[in-house]
Amino acid sequence: MNITEKILARASGRQRVSPDDVIFANVDKVMVHDVSGPGVIKVFDKLKKQGINVDKLWDPTKVWVAEDHFVPSADKVSAENIVKLSNFTKNYGIEKHFKYGMGQYGICHTLSHEEAMVLPGEVYVGGDSHTNTTGALGSFACGLGHTDVAYVLLNGKIWFKVPQTLYFKLNGKLPDHVMAKDFILKIIGDISTEGGAYKTMQFGGSGINEMSVESRLTMCNMTTEAGAKNGIVEPDQKVVDYLTSRGAKNISLVNGDADAEYEKIYEYEGSEMEPLVAKPFSPENIAIVREAPSVELDKSYIGSCTGAKYEDLEAAAKVLKGRKVKIRTEILPASISIYKRAMENGLLKIFLDAGVTVGPPTCGACCGAHMGVLAKDEICISTTNRNFPGRMGHVDSQTYLSSPLVAAASAVTGKITDPRDLK
Amino acid sequence: MKGNVIKYARDNIDTDVIIPGQYLKVHDYAELATHAMEGLDPDFHSKVKEGDFILSGRNFGCGSSREHAPIALSHSGIKAVLALSFARIFYRNAVDGAFLLPIEIDQDAYSDISEGDQIDIDIKANQINNLTKNKTYKMKPFSEIIGKIIEAGGLFKYKPD
């Protein structure tokens, strides 16, 4: 069995599972945020009316809560949602609630690794599609809707069809000017936004072994854009060290068997990879940066679970050091822990000196909700994950997705720019 | 199950156009319905009628896990979405929450059924009858678990064996 099959077999109490088996998997961790939480509360209200008991959660110690989409509260409705969420965690005895304005908080997927909320080998579900991110720690991490999350909160398990696995092998390191974001965009361009649908996307090979844990998180994060059920990387000592340094204990690794089977294997040569962008209006609409359209950009955005981890900010700082931005540029570290490290290591000064506005962690602008949405006809280059019509604001705005290196280089020139071409 | 078809002849209708991100804070189902399909078809809310179906291409509902998407469609009156294929979370949410039926159709049905056609979906026979054009198409049968959850009326009413 491959790693995903082994995790799901263990979680469903079976010796063995095969693709297309339908199982009920016991869940180890579950996350809700300020969008899915109120959604779950609404489901609970409906269930109560149907006479279903919702007085107790199956295990409040396995539940954690983030405030990320609409913080700082965008308006009265989102402020009410935060109050609802706080009452929910209080009433159900959930202790792990990362609150805006009270120390560590941030985007849920970023907290999943920054706070070691999820361990290798675990089944982790969350009320958000980018829950896939956390598979980079060697866990089965999958996004679900409100009804499914409500079911998990009450029953501790959920049904899955065991997915087929696509294996993406990266031979050799990526060049310095190429980031994990470029590689995952390349893959989505090759297999399409439907190419991973219902499947596992597993990443391996010497290039993935060389990658930092944060880069692997970027890879798994955007498996969602290919429609995948989960993204995963087999855990190694780097993952153990990463989690241990964040306070995790009792880590045990699950890895695939030597005779693990995959539906299809794709191979890539690290040295051949180029900086890429995804043009409007789909993450599969890929172009090499040096061949991208010569559009006048209005904004550069470095934020989100995809593109505002510490190493993403470091990459942006490398480009922005001693330079000035030519267009509106916003950098929003994905968690307070990352924000703080960026401050301690001088990154914030580099950003502010370059003319960038640095904001608090939030999903706001990435999903076109608040905190910097785009006007009609505005064009943005962004380290986020989606560029469907209206994703980051007005339905007639446009978003180009890129790595932090490219977004920072483009901020300096006002055009889509390969970092190697900066003077 | 009879109804009239609203057709969007394109692939990859994503959750950002089904219900734009700015409405994720809204959990009032009736209010969500007023913004359904706003990112693609601002007239949707005024033209949709109770019992209508949406017909579309590949990868319907791709994007986010927002349950707001099937909720907004269902509370607009949509009883089923017929598409060449579905994104997995939209499909799961539609079935597990018992909001609407996600029905996989073939190219023949997709090309042949027009906006405004009245169709009758016969789940037992895995068949779609086009009453306007007097034609019949196959639909892909639901997998065993999906069929059982639909029959039970959603995940919470489903009793695993």
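Mentor: Two strands pair if DSSP finds at least two bridges between them; strands (E, at least two residues) and helices (H or I, at least four residues) are DSSP runs, numbered from the N terminus. This is a predicted model, in which local features need pLDDT of at least 70, side-chain atom pairs count only at pLDDT 80 or more, and totals for chains, interfaces and linings use all residues. Residues are numbered from 1 along each chain as its sequence is written, while chains are lettered from A and ligands numbered from 1 in the order in which they are written.

Trainee: How do you know that strand 8 and strand 11 of chain A pair?

Mentor: Six bridges join strand 8 (residues 165-171) of chain A to strand 11 of chain A. The rule asks for at least two bridges, so these strands pair. The two run parallel, and A:Leu166 stands opposite A:Lys264 in strand 11 of chain A.

Trainee: How many bridges join strand 8 of chain A to strand 9 of chain A?

Mentor: Five bridges join strand 8 and strand 9 of chain A, which also run parallel. Here A:Phe168 stands opposite A:Phe203 in strand 9 of chain A.

Trainee: What makes strand 10 and strand 11 of chain A stand at the edges?

Mentor: The open sheet has four strands of chain A in the order 10-9-8-11, with parallel pairing. Strand 10 (230-233) and strand 11 (264-269) of chain A each have a single partner strand, so one side of each has no neighbour in the sheet. From one strand to the next, the twist averages 20 degrees.

Trainee: Why is helix 11 of chain A called roughly parallel to helix 14 of chain A?

Mentor: Helix 11 and helix 14 (residues 404-413) of chain A pack at an angle of about 30 degrees, with their axes 8 Å apart. That angle makes helix 11 of chain A roughly parallel to helix 14 of chain A. The contact has 10 nonpolar, no polar and one charged residues; Ala, Val, Leu, Ile, Met, Phe, Trp, Tyr, Cys and Pro count as nonpolar, Asp, Glu, Lys and Arg as charged, and the others, Gly among them, as polar.

Trainee: What makes helix 5 of chain A mostly covered?

Mentor: A residue is buried if 20 or more other C-beta atoms lie within 10 Å of its own, exposed if 12 or fewer, and partly exposed in between, with C-beta atoms placed from the backbone. In helix 5 (residues 146-155) of chain A, nine of the 10 residues are buried, among them A:His146, A:Tyr151 and A:Leu154. The elements that cover them include helix 2 (36-49) of chain A and helix 5 of chain B. Just after helix 5 of chain A, A:Gly156 has a positive phi of about 75 degrees.

Trainee: Why is A:Ala116 called partly exposed?

Mentor: A:Ala116 has 18 other C-beta atoms within 10 Å. That value lies between 12 and 20, so A:Ala116 is partly exposed. The residue is in the loop between helix 4 and strand 5 of chain A. Contact requires C-beta atoms, placed from the backbone, within 7 Å; leaving aside neighbours within four places in sequence, A:Ala116 is in contact with A:Leu243, A:Arg246, A:Gly247 and A:Ala248.

Trainee: How many residues does each chain bring to the contact between chain A and chain B?

Mentor: Chain B brings 31 residues and chain A brings 40 residues. On the side of chain B that touches chain A, helix 1 (15-18) and helix 5 (88-96) of chain B are the elements that give two or more residues. Helix 5 of chain B gives the largest share, five residues. By class, that side has 11 nonpolar, 12 polar and eight charged residues.

Terms used
Contact = placed C-beta atoms within 7 Å. Axes fitted to C-alpha atoms, helices over the stretch in contact; angles between N-to-C directions. Parallel < 35°, antiparallel > 145°, perpendicular 65-115°, else oblique.
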